[in-house]
Amino acid sequence: MASLLRCPCPTTSSSFLPLSQTPSIPFFNSSSPKFPARNSIKCDLAEQLRVVENGKPSSSLYSRTSGVEQQSYPSFMASTNLDSTFNRNDTRLRIFSGTANPALAQEIACYMGLQLGKIKIKRFADGEIYVQLQESVRGCDVFLVQPTCPPANENLMELLIMIDACRRASAKNITAVIPYFGYARADRKTQGRESIAAKLVANLITEAGANRVLACDLHSGQSMGYFDIPVDHVYGQPVILDYLASKTICSDDLVVVSPDVGGVARARAFAKKLSDAPLAIVDKRRHGHNVAEVMNLIGDVKGKVAVMVDDMIDTAGTISKGAALLHQEGAREVYACSTHAVFSPPAIERLSSGLFQEVIITNTIPVLEKNYFPQLTILSVANLLGETIWRVHDDCSVGFEPYSSLGID
């Protein structure tokens, strides 16, 4: 097992940001307490997670020159003999990265003890995308890591062309690893004559030649039904839960807040995992796309630490107006937690305005260095996705707690 804890693959300076350039961002590190103190909130999961110790968006965790080895793995992995379960030297597994989030793909490959596959991706002068695999994938199990984050259309088209290239190169199985699934919010018709773009994108991925999709925190569960191929859906929010548990906030002071009525099920499941914390709901009226107006608050937050939970932060209009309302209602501190940091303008200005004690996100979408601000904390889901890829490749169940279910009912 010890040999699995080292990163055998070198990183390149162009793929990551050096830690010295990110002094303003707090990260969860090995000095943080693993378990909450007595009478503090606890992460009521099957077992405590430790994946968040690699919550840095740079190569510092994996670089040989940094002198840091990734030693901390989720306890469900520590209790399993992975050497006997998985063939880590299997040459039939290939991982390729698109240009959307190469840093996350590199972290996944490092966790798995593999090198990223060689692939050539370029844009022609007219904007068309060219993809060429530079190694054989004939008969291989191929995993393509490409979130369809902004620019969504560019990254989606690149993913489709990557899938087509693998299919024409006679890959045995092609899995599209989509940490963030764009167009997921267009999952139903709310008005007449609207498109259901989520279904269209699912059809495009299927018709391009993908055999399976691995997604993280879909905006709505029904999006899985839009695919005519198997979909493995894992949750990144337990990583955030474990990080919050390490902060030893008194359970009597905690309240979990849903920023809108549609996120109540997610927030309720989140609250159950945090010592069954009380729940509050922000009621809002939306007057247009990306425009929200807060109306009132359901629940008591006076003198409490409010944790706002959502699957994504786009323009941050909903969550920032909700935070302002929470402060008006007497909340002592407000934390924002989200798996996907879309961060469309003016999100950074809103999030860094002083409304939030901390903004906790994951690295499913890369955040540009210029968008860092002091309250920002980035956690990594690389171990989660890497472990799931191994299980898919070896035809094992991916239903390992707590990542396969957040207890949403």
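**Notes on the predicted model**

1. To start with the surface: the protein exposes about 17200 Å², with carbon and sulfur atoms supplying 48% of it (areas by the Shrake-Rupley method, 1.4 Å probe; for residues, only the protein chains shown count as cover). This is a predicted model, where local features need pLDDT of at least 70, side-chain atom pairs count only at pLDDT 80 or more, and totals for chains, interfaces and linings use all residues. Residues are numbered from 1 along each chain as its sequence is written, and side-chain values use heavy atoms, leaving out hydrogens and water.

2. On confidence, the mean pLDDT (the predictor's confidence in each residue, from 0 to 100) is 81, and 74% of residues reach 70 or more. Residues 1-86 fall below 50, yet beyond near neighbours in sequence this stretch has 196 contacts in the model (heavy atoms within 4.5 Å).

3. I count 10 helices and 14 strands, taken as DSSP runs numbered from the N terminus (helices H or I, at least four residues; strands E, at least two). Of the 409 residues, 57% are buried (under 20% relative accessible area, 1.4 Å probe, protein chains only).

4. Have a look at α6 (residues 237-245): 9 of its 9 residues are buried, so the helix is largely enclosed by the rest of the structure. Its cover includes α7 (264-273), β11 (305-313) and β12 (333-341).

5. β2 (residues 119-123) pairs antiparallel with β3 over 5 bridges (pairing takes at least two DSSP bridges). The two form a hairpin with 5 residues between them, and G127 in the turn has a positive phi of about 95°. In β3 (residues 129-133), I129, V131 and L133 make up the covered face, Y130 and Q132 the uncovered one.

Methods. Buried means under 20% relative accessible area, exposed over 50%, partly exposed in between (1.4 Å probe, protein chains only).
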